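Please consult the sequence and the model while reading.

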Amino acid sequence: MTAEKKKEIFKTHGGSIYNTGSSESQVALFTYRINYLSKHLKDNKKDFNTERALVKLVGKRKKMLKYIEKRNINSYKNLIKNLGLRK
């Protein structure tokens with residue numbers, strides 16, 4: 001992942017390229033990485049280390065989404081819609 005891509009994700013979902021700690025920007029970054037690893041695993045089915053990393057990322061994203069949902073339901077709904085996640 002390039003630094004420019006990270007800045008773009010943080011600007012889009014965090015409001016600023018320096019707002020790297022916001023929950024929304026972290027979930028967006030996790031989603032980008034999950035999509036990338038999913039594509040990688042389709043080509044490399046026996047890459048078990050990447051599979052484990054993917055499972056851990058999905059768990060982190062799930063916890064973060066649950067936190068956002070409890071804190072601010074409108075922000076949660078907008079984030080789900082923007083990232084194209086089910087729920």
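Contact here means heavy atoms within 4.5 Å. The model is predicted.

Q: What covers the buried residues of H1?
A: The residues of H1 that count as buried are Ile9, Phe10 and Gly14. The elements covering these buried residues include one that can be named here, H2.

Q: Why are the buried residues of H1 on the same side of the helix?
A: The residues concerned are Ile9, Phe10 and Gly14. They lie on the same side of H1 because the arc they cover around the axis is only 95 degrees.

Q: Which exposed residues does the face of H1 turned away from its buried side carry?
A: Exposed means over 50% relative accessible area. On the face of H1 turned away from the buried side, the residues that qualify are Glu4, Lys11 and Thr12.

Q: What distance does H1 reach from its first C-alpha to its last?
A: H1 has 12 residues, and at 1.5 Å a residue the expected span is 16 Å. The model comes close to that value, with a reach of 15 Å.

Q: Which element gives the largest share of the largest nonpolar core?
A: This core has 19 residues, and Val27, Leu65, Ile68, Leu79 and Leu83 touch the most other members. Helices H1, H2, H3 and H4 each give two or more residues to the core. The largest share is seven residues, and it comes from H2.

Definitions and conventions: Residues are numbered from 1 along each chain as its sequence is written. This is a predicted model: local features need pLDDT of at least 70, side-chain atom pairs count only at pLDDT 80 or more; totals for chains, interfaces and linings use all residues. Side-chain values use heavy atoms; hydrogens and water are left out. A nonpolar core is a set of buried Ala, Val, Leu, Ile, Met, Phe, Trp, Tyr and Cys residues joined through side-chain atoms within 4.5 Å. Buried means under 20% relative accessible area, exposed over 50%, partly exposed in between (1.4 Å probe, protein chains only). Helices (H or I, at least four residues) and strands (E, at least two) are DSSP runs, numbered from the N terminus. The expected span of a helix is 1.5 Å times one less than its number of residues. The arc is that of the directions from the helix axis to the C-beta atoms.
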